[in-house]
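Here is a briefing on how two protein chains meet and on selected features of each. Please look over the sequence and the structure first.

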Amino acid sequence: MEVNTLVAESRTKLGTRDAREQRKRGRIPAVIYGHGESSVSISLDWHEVEVALAHGARTLDLKLEGKALQLLIKAVQHDHMDARPVHLDLMRVNLDERVKVGVSIELRGTPKGIAEGGVLDQLLNEIEVECLVTQIPETMHPFVTDLGVGDSLLIKDLEFPAGVVPLLDPEERVAMVRVVAEEAEETEAEEGEEGAGAEPERIGRVRKDEEGEGASS
Amino acid sequence: MALMPKRVKWRKSQRGKLRGRAQRGNTISFGEYGIQTMENVRITGRQIEAGRIAATHYLRREGRVFIRIFPHKPVSSKPLETRMGKGKGDAAYWVSCVREGQIIFELSGVEESVARNALARVAHKMPCRCRFVVRRHGL
(Lines give C-alpha, C1' and ligand atoms only; values in the text may rest on other atoms or scores of the structure.)
Protein backbone atom coordinates (compact mmCIF):
# COMPACT_ATOMS: atom_id res chain seq x y z
CA MET A 1 0.00 0.00 0.00
CA GLU A 2 1.37 3.39 -0.96
CA VAL A 3 0.93 6.55 1.02
CA ASN A 4 0.70 9.65 -1.14
CA THR A 5 1.37 13.24 -0.12
CA LEU A 6 -1.09 15.70 -1.59
CA VAL A 7 -1.50 19.43 -1.12
CA ALA A 8 -5.01 20.39 0.02
CA GLU A 9 -6.76 23.76 -0.04
CA SER A 10 -9.39 24.58 2.54
CA ARG A 11 -12.80 25.57 1.18
CA THR A 12 -14.60 28.56 2.62
CA LYS A 13 -17.58 28.48 0.30
CA LEU A 14 -19.70 25.35 0.60
CA GLY A 15 -22.63 23.82 -1.25
CA THR A 16 -23.41 22.31 -4.63
CA ARG A 17 -22.58 25.41 -6.68
CA ASP A 18 -19.12 25.78 -5.16
CA ALA A 19 -18.45 22.04 -5.46
CA ARG A 20 -19.29 22.21 -9.18
CA GLU A 21 -16.97 25.19 -9.64
CA GLN A 22 -14.18 23.28 -7.89
CA ARG A 23 -14.67 20.35 -10.27
CA LYS A 24 -14.57 22.68 -13.29
CA ARG A 25 -11.22 23.96 -12.04
CA GLY A 26 -9.87 20.40 -11.88
CA ARG A 27 -10.24 19.93 -8.14
CA ILE A 28 -12.21 17.41 -6.09
CA PRO A 29 -14.16 18.59 -3.04
CA ALA A 30 -13.50 16.50 0.07
CA VAL A 31 -14.29 16.50 3.78
CA ILE A 32 -12.09 15.58 6.74
CA TYR A 33 -13.68 14.28 9.95
CA GLY A 34 -13.06 11.99 12.92
CA HIS A 35 -11.34 11.85 16.33
CA GLY A 36 -14.03 14.07 17.85
CA GLU A 37 -12.79 17.18 16.06
CA SER A 38 -14.90 19.37 13.85
CA SER A 39 -15.12 18.54 10.15
CA VAL A 40 -13.10 20.53 7.61
CA SER A 41 -14.06 21.03 3.96
CA ILE A 42 -11.12 20.91 1.57
CA SER A 43 -10.36 20.45 -2.11
CA LEU A 44 -7.69 18.28 -3.76
CA ASP A 45 -6.12 18.12 -7.19
CA TRP A 46 -8.25 15.82 -9.36
CA HIS A 47 -5.38 14.19 -11.23
CA GLU A 48 -3.37 13.46 -8.06
CA VAL A 49 -6.41 11.82 -6.44
CA GLU A 50 -7.13 9.71 -9.52
CA VAL A 51 -3.51 8.52 -9.61
CA ALA A 52 -3.58 7.67 -5.89
CA LEU A 53 -6.86 5.73 -6.25
CA ALA A 54 -5.61 3.91 -9.35
CA HIS A 55 -2.59 2.75 -7.33
CA GLY A 56 -4.87 1.32 -4.66
CA ALA A 57 -4.12 3.92 -1.97
CA ARG A 58 -6.23 3.52 1.18
CA THR A 59 -4.58 6.36 3.13
CA LEU A 60 -3.43 9.82 2.12
CA ASP A 61 -0.80 12.14 3.56
CA LEU A 62 -2.08 15.69 3.21
CA LYS A 63 -0.54 19.09 3.68
CA LEU A 64 -3.21 21.54 4.74
CA GLU A 65 -2.13 25.11 5.56
CA GLY A 66 1.36 23.89 6.48
CA LYS A 67 0.12 21.05 8.70
CA ALA A 68 0.76 17.41 7.83
CA LEU A 69 -2.25 15.08 8.20
CA GLN A 70 -2.61 11.31 7.93
CA LEU A 71 -6.04 10.34 6.68
CA LEU A 72 -7.92 7.17 5.81
CA ILE A 73 -9.97 7.27 2.59
CA LYS A 74 -13.34 6.33 4.06
CA ALA A 75 -15.51 6.72 0.95
CA VAL A 76 -15.27 7.82 -2.66
CA GLN A 77 -18.28 9.11 -4.57
CA HIS A 78 -18.28 8.66 -8.33
CA ASP A 79 -20.24 10.36 -11.09
CA HIS A 80 -23.39 8.89 -12.66
CA MET A 81 -21.29 6.86 -15.14
CA ASP A 82 -19.33 5.44 -12.19
CA ALA A 83 -16.17 6.60 -13.93
CA ARG A 84 -14.69 9.70 -12.25
CA PRO A 85 -14.47 10.46 -8.53
CA VAL A 86 -16.47 13.54 -7.51
CA HIS A 87 -16.05 13.62 -3.72
CA LEU A 88 -13.88 12.07 -1.00
CA ASP A 89 -14.58 11.34 2.65
CA LEU A 90 -11.33 11.36 4.63
CA MET A 91 -11.09 10.21 8.26
CA ARG A 92 -8.42 11.25 10.75
CA VAL A 93 -6.46 8.20 11.96
CA ASN A 94 -3.35 7.32 13.91
CA LEU A 95 -0.95 4.84 12.36
CA ASP A 96 -1.29 2.52 15.39
CA GLU A 97 -5.09 2.54 15.20
CA ARG A 98 -7.15 -0.49 14.17
CA VAL A 99 -9.86 0.28 11.61
CA LYS A 100 -12.71 -1.60 9.93
CA VAL A 101 -12.49 -1.50 6.14
CA GLY A 102 -13.92 -3.37 3.17
CA VAL A 103 -11.44 -5.30 1.03
CA SER A 104 -12.48 -6.52 -2.40
CA ILE A 105 -12.03 -10.13 -3.48
CA GLU A 106 -10.79 -10.94 -6.98
CA LEU A 107 -10.74 -14.65 -7.79
CA ARG A 108 -7.74 -16.11 -9.62
CA GLY A 109 -7.56 -19.17 -11.88
CA THR A 110 -10.11 -21.40 -13.58
CA PRO A 111 -11.75 -24.04 -11.36
CA LYS A 112 -11.41 -27.67 -12.47
CA GLY A 113 -15.18 -27.98 -12.01
CA ILE A 114 -15.75 -25.81 -15.09
CA ALA A 115 -14.32 -28.56 -17.32
CA GLU A 116 -16.87 -30.91 -15.69
CA GLY A 117 -19.73 -28.63 -16.73
CA GLY A 118 -20.00 -26.37 -13.69
CA VAL A 119 -20.20 -22.58 -13.47
CA LEU A 120 -18.19 -20.44 -11.06
CA ASP A 121 -20.36 -18.17 -8.92
CA GLN A 122 -18.76 -15.44 -6.81
CA LEU A 123 -21.11 -14.81 -3.90
CA LEU A 124 -19.00 -12.32 -1.97
CA ASN A 125 -17.20 -9.48 -3.72
CA GLU A 126 -16.04 -7.59 -0.66
CA ILE A 127 -15.15 -8.63 2.86
CA GLU A 128 -15.01 -6.43 5.94
CA VAL A 129 -11.78 -6.76 7.90
CA GLU A 130 -10.22 -5.16 10.96
CA CYS A 131 -6.54 -4.24 10.82
CA LEU A 132 -3.98 -1.54 11.44
CA VAL A 133 -4.15 1.47 9.16
CA THR A 134 -0.75 0.59 7.75
CA GLN A 135 -1.74 -3.03 7.01
CA ILE A 136 -4.88 -2.59 4.89
CA PRO A 137 -4.65 -5.14 2.06
CA GLU A 138 -5.37 -3.79 -1.45
CA THR A 139 -7.32 -6.75 -2.84
CA MET A 140 -7.61 -10.41 -1.87
CA HIS A 141 -6.61 -12.80 -4.67
CA PRO A 142 -7.64 -16.35 -3.65
CA PHE A 143 -6.99 -19.16 -6.15
CA VAL A 144 -10.01 -21.24 -7.11
CA THR A 145 -8.28 -23.78 -9.38
CA ASP A 146 -8.95 -26.70 -6.97
CA LEU A 147 -12.72 -26.21 -6.81
CA GLY A 148 -14.71 -29.07 -8.33
CA VAL A 149 -18.44 -29.11 -9.08
CA GLY A 150 -20.35 -28.44 -5.85
CA ASP A 151 -17.23 -27.24 -3.99
CA SER A 152 -17.16 -23.90 -2.20
CA LEU A 153 -14.49 -21.45 -1.13
CA LEU A 154 -15.20 -20.27 2.41
CA ILE A 155 -13.91 -17.27 4.33
CA LYS A 156 -11.87 -19.59 6.56
CA ASP A 157 -10.06 -20.83 3.41
CA LEU A 158 -8.73 -17.34 2.60
CA GLU A 159 -5.21 -16.45 3.62
CA PHE A 160 -5.15 -13.09 5.35
CA PRO A 161 -1.93 -11.17 6.03
CA ALA A 162 -0.76 -11.13 9.66
CA GLY A 163 -2.81 -8.73 11.77
CA VAL A 164 -5.81 -8.70 9.41
CA VAL A 165 -8.94 -10.20 10.99
CA PRO A 166 -12.11 -10.89 8.95
CA LEU A 167 -15.33 -9.71 10.59
CA LEU A 168 -17.68 -12.14 8.84
CA ASP A 169 -18.66 -15.71 9.72
CA PRO A 170 -15.74 -18.04 8.79
CA GLU A 171 -18.26 -20.51 7.28
CA GLU A 172 -19.66 -17.94 4.85
CA ARG A 173 -19.21 -18.77 1.16
CA VAL A 174 -17.02 -16.61 -1.04
CA ALA A 175 -17.44 -18.59 -4.24
CA MET A 176 -18.80 -21.91 -5.43
CA VAL A 177 -18.88 -24.01 -8.56
CA ARG A 178 -22.49 -24.93 -9.22
CA VAL A 179 -24.09 -27.31 -11.68
CA VAL A 180 -25.78 -25.56 -14.59
CA ALA A 181 -29.52 -26.09 -14.42
CA GLU A 182 -31.19 -26.97 -17.72
CA GLU A 183 -33.31 -23.83 -17.62
CA ALA A 184 -32.17 -22.04 -20.73
CA GLU A 185 -33.42 -24.59 -23.22
CA GLU A 186 -36.69 -25.06 -21.39
CA THR A 187 -37.48 -21.35 -21.36
CA GLU A 188 -36.69 -21.11 -25.06
CA ALA A 189 -39.05 -24.00 -25.73
CA GLU A 190 -41.77 -22.18 -23.80
CA GLU A 191 -41.44 -19.10 -25.95
CA GLY A 192 -43.42 -20.50 -28.83
CA GLU A 193 -46.20 -21.87 -26.64
CA GLU A 194 -47.26 -18.67 -24.92
CA GLY A 195 -48.63 -15.94 -27.11
CA ALA A 196 -47.76 -12.25 -27.02
CA GLY A 197 -51.34 -11.31 -26.13
CA ALA A 198 -51.00 -12.34 -22.47
CA GLU A 199 -52.09 -9.62 -20.06
CA PRO A 200 -51.03 -9.17 -16.42
CA GLU A 201 -53.48 -9.73 -13.62
CA ARG A 202 -54.99 -6.62 -11.98
CA ILE A 203 -54.32 -6.04 -8.27
CA GLY A 204 -57.10 -4.71 -6.07
CA ARG A 205 -60.69 -3.71 -6.83
CA VAL A 206 -61.60 -3.83 -10.54
CA ARG A 207 -64.66 -1.91 -11.80
CA LYS A 208 -67.32 -4.05 -13.51
CA ASP A 209 -67.25 -2.08 -16.77
CA GLU A 210 -63.43 -2.46 -16.93
CA GLU A 211 -63.80 -6.19 -16.36
CA GLY A 212 -66.19 -6.43 -19.30
CA GLU A 213 -63.82 -4.34 -21.45
CA GLY A 214 -60.93 -6.62 -20.66
CA ALA A 215 -62.95 -9.70 -21.52
CA SER A 216 -64.19 -8.30 -24.84
CA SER A 217 -60.79 -7.07 -26.07
CA MET B 1 -41.52 -14.68 -24.19
CA ALA B 2 -40.92 -10.98 -23.67
CA LEU B 3 -40.69 -9.81 -20.08
CA MET B 4 -43.75 -8.21 -18.49
CA PRO B 5 -45.17 -7.93 -14.96
CA LYS B 6 -47.31 -10.77 -13.60
CA ARG B 7 -49.64 -8.47 -11.65
CA VAL B 8 -50.24 -4.73 -11.99
CA LYS B 9 -52.29 -2.20 -10.10
CA TRP B 10 -53.18 -0.16 -13.22
CA ARG B 11 -53.42 -1.54 -16.76
CA LYS B 12 -52.40 1.68 -18.54
CA SER B 13 -50.02 4.48 -17.64
CA GLN B 14 -49.28 7.97 -18.90
CA ARG B 15 -46.34 8.49 -21.22
CA GLY B 16 -44.14 10.48 -18.83
CA LYS B 17 -40.76 11.99 -19.60
CA LEU B 18 -37.27 10.59 -19.36
CA ARG B 19 -34.98 13.16 -17.82
CA GLY B 20 -31.84 13.11 -15.70
CA ARG B 21 -29.15 10.56 -15.12
CA ALA B 22 -29.04 7.24 -13.28
CA GLN B 23 -28.49 8.00 -9.60
CA ARG B 24 -28.62 4.33 -8.66
CA GLY B 25 -28.18 1.05 -10.50
CA ASN B 26 -25.06 2.56 -12.08
CA THR B 27 -22.46 0.27 -10.51
CA ILE B 28 -21.76 -3.39 -11.17
CA SER B 29 -23.38 -5.31 -8.31
CA PHE B 30 -23.60 -8.99 -9.21
CA GLY B 31 -21.14 -9.94 -11.94
CA GLU B 32 -17.65 -9.00 -12.99
CA TYR B 33 -18.46 -7.27 -16.30
CA GLY B 34 -21.44 -5.33 -17.58
CA ILE B 35 -22.86 -2.91 -20.12
CA GLN B 36 -23.98 0.57 -19.24
CA THR B 37 -26.35 2.78 -21.23
CA MET B 38 -25.06 6.12 -22.48
CA GLU B 39 -28.47 7.59 -23.35
CA ASN B 40 -31.90 7.96 -21.79
CA VAL B 41 -34.11 5.40 -23.53
CA ARG B 42 -37.05 3.07 -23.20
CA ILE B 43 -35.99 -0.56 -23.60
CA THR B 44 -38.82 -2.94 -24.49
CA GLY B 45 -39.30 -6.37 -22.97
CA ARG B 46 -38.57 -7.91 -26.38
CA GLN B 47 -35.24 -6.09 -26.66
CA ILE B 48 -34.23 -7.27 -23.17
CA GLU B 49 -35.18 -10.84 -24.09
CA ALA B 50 -33.26 -10.57 -27.38
CA GLY B 51 -30.21 -9.43 -25.42
CA ARG B 52 -30.54 -12.30 -22.96
CA ILE B 53 -30.82 -14.87 -25.76
CA ALA B 54 -27.84 -13.34 -27.63
CA ALA B 55 -25.68 -13.62 -24.50
CA THR B 56 -26.74 -17.12 -23.47
CA HIS B 57 -26.30 -18.49 -27.02
CA TYR B 58 -22.81 -17.01 -27.26
CA LEU B 59 -21.80 -18.23 -23.80
CA ARG B 60 -23.10 -21.79 -24.38
CA ARG B 61 -23.95 -22.34 -20.71
CA GLU B 62 -20.70 -20.85 -19.47
CA GLY B 63 -20.89 -18.03 -16.97
CA ARG B 64 -23.98 -16.35 -15.63
CA VAL B 65 -26.05 -13.50 -17.06
CA PHE B 66 -27.75 -10.94 -14.81
CA ILE B 67 -30.48 -8.64 -16.16
CA ARG B 68 -30.62 -5.42 -14.12
CA ILE B 69 -33.73 -3.87 -15.66
CA PHE B 70 -37.38 -4.88 -15.90
CA PRO B 71 -40.15 -3.50 -18.15
CA HIS B 72 -42.67 -2.17 -15.63
CA LYS B 73 -44.31 0.44 -17.85
CA PRO B 74 -47.11 -0.42 -20.32
CA VAL B 75 -47.22 1.35 -23.69
CA SER B 76 -50.66 1.42 -25.28
CA SER B 77 -51.58 1.61 -28.93
CA LYS B 78 -54.74 1.49 -31.01
CA PRO B 79 -55.44 -1.31 -33.47
CA LEU B 80 -54.88 -0.66 -37.18
CA GLU B 81 -57.65 0.99 -39.22
CA THR B 82 -59.40 2.26 -36.12
CA ARG B 83 -60.95 5.72 -35.97
CA MET B 84 -59.57 8.12 -33.39
CA GLY B 85 -61.42 8.51 -30.11
CA LYS B 86 -63.26 5.85 -28.10
CA GLY B 87 -60.67 5.98 -25.37
CA LYS B 88 -57.10 4.90 -24.82
CA GLY B 89 -55.86 1.80 -26.62
CA ASP B 90 -54.81 -1.41 -24.91
CA ALA B 91 -51.28 -2.11 -23.67
CA ALA B 92 -49.31 -3.26 -26.72
CA TYR B 93 -45.93 -3.83 -25.09
CA TRP B 94 -43.97 -3.12 -21.91
CA VAL B 95 -40.89 -0.96 -21.50
CA SER B 96 -38.20 -0.20 -18.97
CA CYS B 97 -37.35 3.50 -18.65
CA VAL B 98 -33.57 3.60 -18.48
CA ARG B 99 -31.40 6.63 -17.75
CA GLU B 100 -27.84 7.37 -18.81
CA GLY B 101 -25.42 5.37 -16.65
CA GLN B 102 -27.74 2.46 -15.80
CA ILE B 103 -26.08 -0.99 -15.86
CA ILE B 104 -28.47 -3.13 -17.92
CA PHE B 105 -26.71 -6.51 -18.20
CA GLU B 106 -23.98 -8.13 -16.10
CA LEU B 107 -21.88 -11.24 -16.64
CA SER B 108 -19.82 -13.41 -14.32
CA GLY B 109 -17.83 -16.63 -14.49
CA VAL B 110 -16.13 -15.96 -17.85
CA GLU B 111 -12.91 -14.31 -19.03
CA GLU B 112 -12.89 -10.69 -20.07
CA SER B 113 -12.45 -11.40 -23.80
CA VAL B 114 -15.47 -13.73 -23.77
CA ALA B 115 -17.50 -11.21 -21.75
CA ARG B 116 -16.63 -8.42 -24.20
CA ASN B 117 -17.82 -10.47 -27.18
CA ALA B 118 -21.00 -11.62 -25.43
CA LEU B 119 -21.92 -8.14 -24.23
CA ALA B 120 -21.15 -6.61 -27.64
CA ARG B 121 -23.82 -8.92 -29.03
CA VAL B 122 -26.21 -7.78 -26.30
CA ALA B 123 -25.42 -4.11 -27.02
CA HIS B 124 -26.39 -4.62 -30.67
CA LYS B 125 -29.89 -5.59 -29.54
CA MET B 126 -30.30 -2.44 -27.47
CA PRO B 127 -31.87 0.78 -28.82
CA CYS B 128 -29.09 2.98 -27.46
CA ARG B 129 -25.34 3.39 -27.26
CA CYS B 130 -23.83 1.22 -24.55
CA ARG B 131 -20.36 0.81 -23.11
CA PHE B 132 -18.56 -2.15 -21.61
CA VAL B 133 -17.63 -1.79 -17.94
CA VAL B 134 -15.56 -3.87 -15.54
CA ARG B 135 -16.15 -4.13 -11.79
CA ARG B 136 -13.95 -1.73 -9.87
CA HIS B 137 -11.98 -3.48 -7.13
CA GLY B 138 -11.10 -1.26 -4.21
CA LEU B 139 -12.36 2.28 -3.70
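Between chain B and chain A there are 3 salt bridges, a salt bridge being a side-chain nitrogen of Lys or Arg within 4 Å of a carboxyl oxygen of Asp or Glu. One of the bridging pairs is A:Asp82 and B:Arg136, whose side chains come together at 3.1 Å, N to O.

This is a predicted model, in which local features need pLDDT of at least 70 and side-chain atom pairs count only at pLDDT 80 or more, while totals for chains, interfaces and linings use all residues. Residues are numbered from 1 along each chain as its sequence is written, chains are lettered from A and ligands numbered from 1 in the order in which they are written, and side-chain values use heavy atoms, with hydrogens and water left out.

**Interface of chain B and chain A**

- The contact involves 39 residues of chain A and 41 residues of chain B, where contact means heavy atoms within 4.5 Å.
- About 3300 Å² is buried between chain B and chain A, and 49% of that lies on carbon and sulfur atoms. Buried area is the accessible area (1.4 Å probe) that two parts lose on being put together, summed over both.
- B:Arg11, B:Arg61 and B:Leu139 account for 24% of the area that chain B buries against chain A, more than any other three residues.
- The rule finds 11 residue pairs in polar contact across the interface, with both residues at pLDDT 80 or more. A polar contact is a pair of N or O atoms within 3.5 Å; within protein, one must be able to donate a hydrogen and the other to accept it, and residues adjacent in sequence count only if both atoms are side-chain atoms.
- On the side of chain B that touches chain A, the elements giving two or more residues are strand E1 (7-8), strand E2 (33-37), helix H1 (45-59) and strand E6 (90-98). Helices (H or I, at least four residues) and strands (E, at least two) are DSSP runs, numbered from the N terminus.
- H1(B) gives the largest share of that side, with 6 residues.
- That side of chain B consists of 17 charged, 13 polar and 11 nonpolar residues. Ala, Val, Leu, Ile, Met, Phe, Trp, Tyr, Cys and Pro count as nonpolar, Asp, Glu, Lys and Arg as charged, and the others, Gly among them, as polar.
- Strand E14 (residues 201-202) of chain A runs parallel to E1(B), joined by 2 bridges; strands pair if DSSP finds at least two bridges between them. A:Glu201 has B:Arg7 as its bridge partner in E1(B).

**Loop between E5 and E6 of chain A**

- A:His80 is in the loop between strand E5 (67-78) and strand E6 (85-92) of chain A. A:His80 counts as buried because its relative accessible area is 12%; buried means under 20%, exposed over 50%, and partly exposed in between (1.4 Å probe, protein chains only).
- The side chains of A:His80 and B:Glu100 make a polar contact of 2.9 Å.
- A:Asp82 is in the loop between E5 and E6 of chain A and is buried, with a relative accessible area of 19%.
- Although A:Asp82 is not a glycine, its phi is positive, at about 60°. Most residues other than glycine have a negative phi.

**Fold of chain B**

- Chain B has 2 helices and 8 strands, in the sequence order β-β-β-α-β-β-β-β-α-β.
- Of its 139 residues, 40% count as buried.
- In strand E7 (residues 103-108) of chain B, 6 of the 6 residues are buried.
- E7(B) pairs with E2(B) in the antiparallel sense over 4 bridges, with B:Gly34 opposite B:Glu106.
- Strand E4 (residues 64-67) of chain B is also antiparallel to E7(B), with 4 bridges, and B:Val65 stands opposite B:Leu107.

**Two loop residues of chain B**

- B:Gly20 lies in the loop between E1 and E2 of chain B and is partly exposed, at 45% relative accessible area.
- B:Lys86 sits in the loop between strand E5 (73-77) and E6 of chain B. B:Lys86 is exposed, with a relative accessible area of 85%, and has a positive phi near 60°.
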